[in-house]
Every structure is written in C-alpha cells, then in structure tokens.
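Me: I've got a model open and I'd like to go through its charged pairs and its overall build. Can you take my questions one at a time?

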Amino acid sequence: MRRRRLGRTGIEVGEVGLGGAWLLGREGNEAEAHGIAIVRHALSLGVDFIDTAECYIGSRSERIIGKALRDHPGSVVLGTKVGHVPEAFDWSSEAVIDSCLASLERLAVPAVDILHLHTPAEPLLESLTRNGGALDGLRTLRDRGLVRWFGITGRDLGFLRRCVDTDAFDTLLVFQRWDLLEQSALVLFNEARSRDMGIIAASPLRLGLFGSARPALLSSLDASDRDQVLTLEALLADEPGGVPAAAIRFVLSSTQVSVVLSGASSASEIDTAVKAAAEPPLRQEFIDAVVQLGAGRVRALQIGRAHV
C-alpha cells in the first residue's frame with residue numbers, strides 16, 4: 001500500500017485506514033466476532049491506521065478493536081475521540097480526561113496515538129480554549145503519556161476553520177465534505193496543510209451511499225441530489241471496482257489528504273478500499289467532472305446509527 005505523511009506528526013501511514021463505526025454491520029446487529037474479523041482482515045492487508053470513537057456502536061467499537069489488536073505483532077496508529085459520551089458533554093478538561101481514560105480501558109491499551117475532539121454538535125470555541133477547557137485536558141493527557149497528538153473532527157467548515165486557526169491541533173478529520181457528492185472542504189484543507197496538519201478523510205462512500213447502503217440512502221435524497229448520484233454512477237460505472245472504488249480514488253486524488261478511512265461493515269468492503277487505493281490515480285477528466293457536478297453544494301448533516 002502506498003503511504004503518506006500524517007502532517008506534523010511526522011509519521012507515515014498507509015493511504016487507507018479503518019474506521020470503526022460499522023464493525024457490527026450496517027444495522028449494528030452482527031456478532032462481535034464479525035467486527036474482530038474485519039479489523040484483523042484489515043491488518044492482514046497492511047492497514048495500519050485505525051480510527052474509532054467513544055460513542056461508536058454504543059461504545060462497543062472500542063472494545064472490539066481492543067480485542068482484535070490483542071497480540072497483534074505489528075505497529076498500528078490508533079485514534080479515538082471524546083465529546084459524545086456523556087450526551088451532555090461539557091468540554092471541560094476533566095470531561096476530556098475521564099472520557100479518554102474510559103476509552104483506554106475499553107481499548108485495553110496504555111495510550112492512543114491521536115485523540116480527536118468529536119463534533120458535531122459544535123461547542124463554543126471558548127469552551128475548548130478557556131482555562132480548564134478541552135485543550136487543557138488534551139495537554140494533560142499528553143503530559144501523562146496517554147496521548148501523542150490532538151485532532152479535531154467534524155464537518156462544520158466555519159467551526160473547523162476557527163479550530164485550525166488556533167494551531168493547537170495536529171490532525172483534522174473531516175467527513176461528508178470531501179467525497180463524490182460534495183467537495184466543500186478544499187479551502188479548509190489548504191489552511192490546515194499550511195499549518196502542516198495531517199488530514200484524515202472519513203466516510204468516502206458517504207455513509208454507504210456509494211456502497212452497500214445505496215438503496216436506503218438514495219431514496220432519502222432530494223431530486224437534485226438523486227440526479228447527481230445517478231450521473232456520477234453513469235460516469236464512473238466502468239472504472240475498476242465500480243463506483244465504490246472510484247469514490248476512494250477520488251478522495252485520494254487530493255495530495256492534501258493523508259489517509260482515507262474505510263468505514264467497512266464487512267471484510268469485502270475493506271478489500272474494496274485497499275484494492276481501489278492500489279489502482280492508478282483517477283483520471284483528471286473524471287476528477288474535473290465530479291468537481292463540476294458538486295460545485296457550490298454544501299449539504300445538511302447525515303448521521304448513521306452506528307455513530308450514536
């Protein structure tokens with residue numbers, strides 16, 4: 001697998017990482033062994049970046065990943081998040097520390113490489129930067145050797161831009177703002193990379209719209225978005241691996257992206273992502289057509305059940 005530098009962390013990771021939101025399937029009803037098998041299969045393919053969160057699959061994602069990594073002989077960059085548990089998260093230093101400690105226990109690891117502040121919903125920036133706020137908690141965790149780097153996660157471009165401007169974060173994880181349907185994150189990517197932040201692109205299939213969840217999600221779109229999806233499908237149908245693989249290749253067409261996360265719900269989905277990344281880059285004519293179709297579009301948030 002080709003590798004890219006994760007910004008100012010200085011580490012290099014494979015172009016495809018594993019996101020932990022769907023390890024028990026799209027309905028969240030698979031056995032734990034199903035999720036463990038996905039993680040171990042990803043590792044066997046050379047995936048060495050794993051992202052999860054305290055809230056994914058009711059906190060089960062972290063436990064599954066911890067079990068899957070037990071006795072794994074290789075090196076893995078592991079990230080998780082704080083901000084959704086408890087529901088009334090107050091973004092204080094104490095809340096960040098308590099959430100991280102609970103995640104470490106579920107993951108059964110002594111430390112994580114990256115801890116992301118998890119939005120939406122977006123807090124007031126002052127709640128992150130004030131004395132006793134979330135950033136103080138991150139710094140305390142780093143000083144205690146429990147976290148190596150800090151990140152910010154979300155899709156509200158204005159809020160994320162203000163976070164980037166603080167220069168406090170090492171990584172930026174964005175979802176539903178850089179994919180086949182929408183490309184509104186490009187300016188934000190430029191600003192983040194000017195500060196040498198590592199950029200993590202999540203949900204390249206847009207919660208499965210360009211993959212296994214297409215039937216359910218397509219019917220929920222308005223007519224304009226449905227037309228755009230159908231046009232994209234016709235444009236990319238003959239590409240190797242079809243539309244799902246083209247979606248991965250499109251996200252990786254930006255050299256600003258350090259790693260794309262496959263939120264795989266099966267071993268075959270992580271296979272698709274890894275094989276797609278191994279293909280030659282998507283042709284420029286396709287990239288231009290995708291961007292032209294998505295020009296000026298900024299959409300409302302979609303959240304899948306695995307995230308809550």
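Me: Is Asp-165 buried, partly exposed or exposed?
Reply: This is a predicted model, where local features need pLDDT of at least 70, side-chain atom pairs count only at pLDDT 80 or more, and totals for chains, interfaces and linings use all residues. Residues are numbered from 1 along each chain as its sequence is written, and side-chain values use heavy atoms, with hydrogens and water left out. Buried means under 20% relative accessible area, exposed over 50%, and partly exposed in between (1.4 Å probe, protein chains only). Asp-165 has a relative accessible area of 45%, so Asp-165 is partly exposed.

Me: Which residue forms a salt bridge with Asp-165?
Reply: A salt bridge here is a side-chain nitrogen of Lys or Arg within 4 Å of a carboxyl oxygen of Asp or Glu. For this pair, the closest N and O atoms are 3.9 Å apart. The pair links distant parts of the chain, 30 residues apart: Asp-165 sits in helix 6 (residues 157–166), and its partner in the loop between helix 7 (186–194) and strand 9 (198–202). Helices (H or I, at least four residues) and strands (E, at least two) are DSSP runs numbered from the N terminus, and the partner is Arg-195.

Me: How far apart are the closest N and O atoms of Arg-177 and Glu-182?
Reply: Both Arg-177 and Glu-182 are buried. They form a salt bridge, and the distance between those atoms is 2.5 Å.

Me: Is Glu-239 buried or exposed?
Reply: Glu-239 forms a salt bridge with Arg-283, closest N and O atoms 3.8 Å apart. Arg-283, at 42% relative accessibility, counts as partly exposed. Glu-239 has a relative accessible area of 11%, so Glu-239 is buried.

Me: What radius of gyration does the chain have?
Reply: The radius is taken over C-alpha atoms, and the globule rule is 2.2 Å times the number of residues to the power 0.38. With 308 residues, a compact globule would come out near 19 Å, and the chain agrees with that at 18 Å.

Me: What share of the chain's residues count as buried?
Reply: The chain has 12 helices and 10 strands, and its C-alpha trace spans about 50 × 40 × 35 Å along its principal axes. Of its 308 residues, the buried share is 58%.
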